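Reader: I have a model to look at and some terms to check. Please show me the structure, and then I will ask what stands behind each label.

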Amino acid sequence: MKNYKLIPLLAVTAFLAGCNVNNAKAKAPSFAKMGKEVEFAEFVEEYKPDLLGAWADHENQHTPSYVMKVSKVSETDVNVRSGKKTTDSMKSLEKDVFTVKADMNNSLFSYQGTLVRSREMFQSGYKTTATENDKIDTMTQISDITLPGSEEAVTYVVGVDNEVKIYNAQTNVSNLEPAERKAVMENGAYTLVKENALPKSIDELLVEYPNYPVEQKECYKFYVNGKIFTVTYEIEASRAEVDSNTGNVNMLLNSVATSKMQLDASKGESFKFKVSQEMNMGYKVYSDFIEDGTARFKGDEGEGYQKQFLTAEVKVQDVNLKAVDLANYRFNYNMM
């Protein structure tokens, strides 16, 4: 579970300067019915790891063939005003949408999607924009390849980029038995699900929650609807920045953070995991002061929000992929 931190809006632009977005808006996931609210102990009793079958027992079970669809979106919008004049603003959007197909019968998996980064900033009287929109189309397979400077073909796990027609050698598996090679590919396909779809944030919360102070525990609510598990979180925070010399309040910052996490394990290994995290922020200046070399004046104010959404769906099913013929692809020396 990500813990929100109250970020001064005056510093948000600098904090997120490395982010990149178009005018699209982040759309929150559509959640299933949460069901009845339960106590933490009952939630833990119902929330069994084996609900996800092989995904919860990777050490002892084979990774099944699957199709995984994932959408990750992060959006920020901040405005800072002095009087009626906007002095600073920033809008950013990051969006990753991709599909992974894993054919474990043939030890292949593909990754196809789009990656969008966009940013619009207004600061010190200047406006800047930046956008990035990339398409991704890759295949991971086992192939016999001849490395540069060698005359003999060697069996490798190979990463193939279909967009630019290149490939690279990832793992030498020439000395492994067929079953061991299959295990290497299963591990790679499993890792993609683990990193993008498994409910790690819920799992971590269930471990940490018993040690939280009472006031923090009160921010959480737990719900069970059959094999659908939901956790919500809400907290309001205020913080005054006080001048250590005069004791005057320079400014007051307020925030409201909410989140929802939901695992739908109704179909066992074919599951859905969704997360919504939002934080609304605002501040008002009550005394003239200098912050990071910038003058702030009584009456200045601003507001903004941050949103992060995840929608992941894994369907265990038969998948039929074909290895890429590398004859018309070039070896990527930079990936060695």
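Reader: In which strand does Val 249 lie?

Author: Val 249 lies in strand β10, residues 249-267. A strand here is a DSSP run of E with at least two residues, a helix a run of H or I with at least four, both numbered from the N terminus. This is a predicted model, where local features need pLDDT of at least 70, side-chain atom pairs count only at pLDDT 80 or more, and totals for chains, interfaces and linings use all residues. Residues are numbered from 1 along each chain as its sequence is written, and side-chain values use heavy atoms, with hydrogens and water left out.

Reader: Why is Val 249 called partly exposed?

Author: Its relative accessibility is 34%. Buried means under 20% relative accessible area, exposed means over 50%, and partly exposed is in between, with a 1.4 Å probe and protein chains only. So Val 249 counts as partly exposed.

Reader: What makes Val 242, Val 249 and Tyr 286 a patch?

Author: They form a nonpolar patch on the surface, with about 250 Å² of accessible area together. Patch residues have over 30% relative accessible area and no salt bridge; nonpolar side chains (Val, Leu, Ile, Met, Phe, Trp, Tyr) are joined within 5 Å, like charges within 9 Å. The areas come from the Shrake-Rupley method with a 1.4 Å probe, and for residues only the protein chains shown count as cover.

Reader: What makes the contact of Arg 81 and Glu 301 a salt bridge?

Author: Their side chains meet at 3.3 Å, N to O. A salt bridge needs a side-chain nitrogen of Lys or Arg within 4 Å of a carboxyl oxygen of Asp or Glu. The pair therefore qualifies. Arg 81 is in strand β2 and Glu 301 in strand β14, 220 residues apart. Arg 81, Glu 301 and Glu 303 are linked in a network of salt bridges.

Reader: Are Arg 81 and Glu 301 buried or exposed, or in between?

Author: Arg 81 has a relative accessible area of 21%, so it is partly exposed. Glu 301, at 31%, is partly exposed.

Reader: What does the salt bridge of Glu 94 and Arg 117 tie together?

Author: The side chains of Glu 94 and Arg 117 meet at 3.8 Å, N to O. Glu 94 lies in strand β3 and Arg 117 in strand β4 (residues 108-123), so the pair ties together parts that are 23 residues apart in sequence. Glu 94 is partly exposed at 23%. Arg 117 is buried, because its relative accessible area is 17%.

Reader: Why is Lys 127 called exposed?

Author: Its relative accessibility is 58%, so Lys 127 counts as exposed. Lys 127 forms a salt bridge with Glu 120, with the closest N and O atoms 4.0 Å apart. Glu 120 is partly exposed at 27%. The whole structure has 10 salt bridges.

Reader: How much space lies in the largest pocket, and which residues are closest to its centre?

Author: About 490 Å³ of space lies in the largest pocket. Of its 23 lining residues, the closest to the centre are Lys 72, Val 275, Gln 277, Gln 308 and Leu 310. A pocket is an open set of points on a 1 Å grid over the protein atoms alone, where a 1.4 Å probe fits, with protein on both sides within 12 Å along at least five of seven lines; lining residues have an atom within 4 Å of a point. The volume is the space filled by probe spheres set on the points, which are joined across faces, edges and corners.

Reader: How many helices and strands does the chain have?

Author: The chain has 5 helices and 15 strands. Of its 336 residues, 45% count as buried.
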